Amino acid sequence: MNAHNPSGWRPEMGEGGNLDAVATTSGDRGLMLEEALIFELGAPGKCGVELDEPACDPVPGLARFLRKAPPALPGLTEPETVRHYTRLSRQNYAIDLGPFPLGSCTMKHNPRLNEKVARLPGFADLHPLAPQQTVRGALEVINQLAEWLITLTGMHGVAMTPKAGAHGELCGLLCIKAAIEARGEARSVILVPESAHGTNPATAAFAGFTVEAIPATAAGRVDLAALAARLGPDVAGVMITNPNTCGLFEREMKTISDAVHAAGGYVYCDGANFNAIVGRVRPGDLGIDAMHINLHKTFSTPHGGGGPGSGPVVLSEALCPFGPLPFTARTADGVVHLVEEEDAEAFGHAQAFGRMAAFHGQMGMFTRALAYILSHGADGLRQVAEDAVLNANYVLRSLEDVLSAPFAASGPCMHEALFSDDGLPEGFSTLDLAKGLIDEGFHPMTVYFPLVVHGAMLIEPTETESKAGLDRFIGSLRSLAERARASDPSLKTAPHLAPRRRLDETLAARKPVLVWKEAAAGG
Amino acid sequence: METDMRYLPLTSADRAEMLGVIGAASIDDLFADVPAAAQLDGPIAGLPGHASEMAVERHMAALAAKNVSAGAAPFFLGAGAYRHHVPASVDHLIQRGEFLTAYTPYQPEIAQGTLQVLFEFQTQVARLLGTDVANASMYDGSTACWEAVAMAGRITRRKRAVVSGGLHPHYLATMTTMARFTGDEIDARAPKLEAEPDDAALIAAIDGETSCVVVQYPDVLGRVPDLAAIAAAAQAQGALLIAVVTEPVALGLLEAPGNLGADIVVGEGQSLGVGLQFGGPYLGLFGCREKFLRQMPGRLCGQTVDADGKRGFVLTLSTREQHIRREKATSNICTNAGLCALAFSIHMTLLGGEGLARLARVNHATARKLADRLARVPGVGVVNNAYFNEFAVTLPEDAREVVRLLADRHVLGGVSLGRLYPGVNALANGLLLTATELTTDEDIEMLAIALEGVLA
Amino acid sequence: MSTYFTKDHEWIAVDGETGTVGITVYAQGQLGDITFVELPAVGREIKKGDDAAVVDSVKTAADVYSPASGIVIDGNAALTDAPELVNEDPEQGGWLFRIKLSDAGELAGLMDRAAYDAYVAEL
C-alpha cells in the first residue's frame, strides 16, 4: 500500500457546512462564475481577428469624412472572447437545461438538425438580391414552407415577410385596412378582448386604428353578446386569440366570425397558440381572415434569448390580394419566382399594400421551420398538438388541489394551464412562487398574464417534456404552494441559489444606466 | 392514433397513465371544446408523414445545392446586405444552448448572461453610432428606419418626413407602406446617378412642418452625404436628423453620425457576425440622444443591483412597451433580434475599435482596387467621387441583363439599379459593386474579364 | 383654498384661478414605486377629463386625468430627478402640475375630502 498523499485532502473533509459563510477571493463560487464587462476586460488595441494593413490610402474624396480616432470599443483575443461569453452563458437558464414552462411563449425543444440545415452555405451564404437563377433552391424553401402553412391552416394564401409575431399582426391589420379602403369604406375601430396579449392593441393603434376592449365571460371566453352588440359600420374587425390566453378554445369562434363578416368586418386571429391545434383544427374552417404563425413557437425555431422571430400570416381569399411584397409563386412550369413590385400585376397582385421590410423575410427561420415540419409530417404535427394538450391538462389536474385554477371547472384546457393567486396567504404572491421555482432549478411560468386573472400563473409545458420531467416540476410547485400556505418567510426572499438575488427594478427605471461609462463602473 | 417520434418523449404507456390522472377516456375528450365540425378526423390528407433526420437532411441539402452560394463564385453584391468574414468562434458561441434556447430575459436572476450581453451590445452600438444610448435591437435596418420616423413624429408632433434620394429603396418602400396607414407624409427625393449626393436639394426641402430628415450614410450608391450640414439645417427648423447606416463596418473609417449631429441613428447590423442568410434574420440598430430615451421603441437593458448589492442587469423602462402600455405604446414591437445581437456583439468584441478600423481600411482599399480595375474595362465609368466599400458604375447597356449574363459566367457581379429601381430608365445602366475583405485580387480579375466579355 | 377629489384618485387644490393637481395617497399606494412622471407642456390647453400626465411605476403606466379644464401654467420640476416624491408626499411636495382654471363651475361635480375618504373606504 502506498500511503503517500501529497495533497493532504481526505474525503471526510468534505465541504463547509454553511456555504454562505465560505468567502472566496475571486468572487466566483465553484461553478457559479462571476464575469466582468468587456469594457473592464478588453482594450481598444486588442484584437481576435488578424488583418494585414492595406497599402493604399483612402480615395481623396473621402478625406473630409474620415473619423479622427477609432471607435472606443474594447477588443479581446479569441481565447478571452470564448471564455467571456461561455462564462456569461452559464448565468442563463435555457430549454436545454430543463422545463421552461412560460405560458403563451411555447418553449419547446429546438431540434439540432434544424440548426445544421440552416447553416448549409446554399442557404446561409446567399445574398437576398442575387440573380433569381442562382437562388431557385432558396425560393423553393420559402414556397414549400408557404404551401405547408396554407394547408395546415386551410387558408388561401400566406405572407411570408413579417419578421416576428407582432410584425405579422401588423401585416394582417394592414391587409384589413387595405381591403376596407378598396371597398371605399372608412372603418376605424378594432375590437380586442381584454385578455389579449399587449401586442394586439398596440399593433392596432400602430396601424392607425382605434382600439376598443370587449369583455370576457366568467368562463374565460369572449363575451359573444357584448361583441355582437358592438359590431357596426365603424368596426373594421376583431383580433381574437384562439386558443385564448387563458388556455381555452373559443368554442363560438365560427359564430363570432360569421357575425363579424355579416357586419362587414374581418377576423384577425392571433396564432400565438396555434401549437395547441396544429394538425387537428384548421383556422380556415373557423372563418378566420388572417392569422400570424410564430415560427419560433409552433414550429420550434430557437428563441435565442429574445429573437429573432418570424411571423408569416395566412390569409383568406378576401384578404389575399392585399398581402405584402415580395412573395414567391410557382408557375405552371414548376419554377418558383420571387415576385417583387414590377411583377406584382403579372402575378395578379396589383392591390398589394407594399413592402413591410427590406428583402424576403426570415430565411434562416424558414429553413429551420421547414425541417421541423418535414421531420414531424402531418401525423407528427397532430401528435405535437395532442401531447402538448395532454401535458398541460396533466399539470392542471395535478395542481388544482393546491393552487386555484379559475377555469378548471369549465372543462379541459388546451396547451397551457392557468392558475391564480387566490388562496395564497396574506403577504404571499404569485411572484414568490415563481422565484421559488428558480431555487428548485426550474424556469418560472408566465406570471401576471393574462391580465383578466388576478396574480395569474400560466404554465405551458409543451409536448417535448417527458412525464418524468413533468412529475418533478409538479412536485416542486406543490412543495412551494405548501411552503406559501405555511407562510415560510424564506420564500419571500427567493431565489437564494441563483446567480443573482431579486434585482432592484425601481432603481433601474428611476436612474436608467443603459450604457457602460467609466464613472458608472464598480457597483 | 399515436406516433413514436424522436422529438416526442411521451410513451404510449405515459399517455394512457396521464389520461387516467386527468380523468379522460381519450385524447379526443381534451379537444371537446372544439366543435366537431371543425375537427379533423386524422392527419391532414395529402401531406407526407414524419421523416427521419437523414431523410430531412437529404431533402434540405438537395434544395441548398440548387443555389450558387456567395462563397462559390466571385461575389460583389451589397446594397444593404454585406458579406464579411465571420470568425469561427462567433457561430460556436451563439450555438451554446444557454443562449440559443433561452427566452426573453423576464426572470433576470437566471438570465444575467443574456442581459449582460444586451448591456454590452447597447454600449457597443452607442459608441459605434456616436449616440448617447442604444436599444437592445430591432428586427432589421428597414423596420428600425420606420420606427425612427414614427419616433420623430412623436417628439416633434409633426407628420412630414423629408427623405434623401440616397435612401435604400426598400427602406423607403417600408416607410411608405407604414405612412400610408398612419397618415404621415413622406417627401422623398428621386435618386440620381451622380458623383455627389444632392445635399442642397435635400436641405431646401426642409421646412417648419418637417418632423425629420432621413439620410443614408454612406448612401445607397455608396456616396457620403455631408451629415453635419444637413443636421444644422434640420435643427434650425426644429426637425430631427435620422442617419441610416446599412454598412456598419464603414464606421471604422468614417466619422460616427451621432458625432456629426444626427439625433437618431439607425442601422442594419448584419455585416458583423450575422451573415447574408438570404435577407434575414438581420439586426436593427437603434441609437439616439438621451433626452429622447422615453420615446424610443424596443427593449432596453439597464444596470441595477440585487438584494445583496451585487451589480446586475434587468429589462427596464418597459412602460414604453406594448405589454404595459398596450395601445399607447411607443411601438408594437415585442421581440428583438437577440441572437443576432449576440453574434454582432461577439464579432465586435473580437475586432475591438482598432480592429474595426483596420477592417474598414481593408474594405476600402479593396473597393479602390476594384474601382481602378473596372475603370479600365471599356464602356465602364465609375460614378462616385467618394465611397467606402461600395460604389456605382455606369455601363453602356441595361445592367440587369449584364448581371444575368455575368451569373451565366459564374460571377455574382453586383446589384443592378434596375433591380432596385424597376422602370426608372435614367438608372437602368447603373450597377452597384461592393468589395470587402473577402474579395480577392483573383475575384476582381475574374469580374473584369467576364465584364469585358459580356460587354464586347 | 379648497381641495377637491375625483373618482380616478386625482386631487386639485384651488387658490383663486389657479388649480394645483396631483394624485392621492391611495393612488400612489396602488401604483407602487413611481419611477417617472411625464408632465403636460406649459401653455397646453386641457379639458376636464383629458389625459394630462403619466405616472410610471416599474410595471404600470397610469394616465392622470385633469380634474378641471384650463391652461397649464407650471409643472413640478422636482419630479424629474425625484419621481419618488409622488410616493413620499403625494398631496403636497409631489404635486404634478398647475392650471389656470377656465371654468370654476366644473369643480362642483368633484368630491370633498370627506366624500373621497368615504369613497376610498368602500373600495
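## A parallel strand pair in chain A

A:Val189 has A:Thr210, in strand S3(A), as its bridge partner in this predicted model. The strands concerned are S2 (residues 189-193) of chain A and S3 (residues 210-214) of chain A, which run parallel and are joined by five bridges.

## Helix packing in chain B

Two packed helices are described by the angle between their axes and by the distance between those axes. For helix H6 (residues 112-129) and helix H12 (residues 338-374), both of chain B, the angle is about 60 degrees and the axes lie 9 Å apart. Because of that angle, H6(B) is oblique to H12(B), and the crossing in which H6(B) passes H12(B) is left-handed.

On the H6(B) side the contact is made by B:Thr114, B:Val117, B:Leu118, B:Glu120, B:Phe121 and B:Gln124, while H12(B) contributes B:Gly338, B:Ala341, B:Leu342, B:Phe344, B:Ser345 and B:Met348. Taken by residue class, this contact of H6(B) with H12(B) consists of seven nonpolar residues, four polar residues and one charged residue.

## The contact between the chains

Chain A and chain B each place 175 residues in their contact. On the side of chain B that touches chain A, H12(B) provides the largest share, with 22 residues. That side of chain B divides into 89 nonpolar, 56 polar and 30 charged residues.

Conventions
Residues numbered from 1 in each chain as written. Chains lettered and ligands numbered in written order. Predicted model: local features only at pLDDT ≥ 70, side-chain atom pairs only at ≥ 80, totals over all residues. Axes fitted to C-alpha atoms, helices over the stretch in contact; angles between N-to-C directions. Helix = DSSP H or I, 4+ residues; strand = E, 2+ residues; numbered from the N terminus. Parallel < 35°, antiparallel > 145°, perpendicular 65-115°, else oblique. Left-handed = near helix turned anticlockwise from the far one by under 90°. Contact = placed C-beta atoms within 7 Å. Nonpolar A, V, L, I, M, F, W, Y, C, P; charged D, E, K, R; others polar. Pairing = 2+ DSSP bridges.
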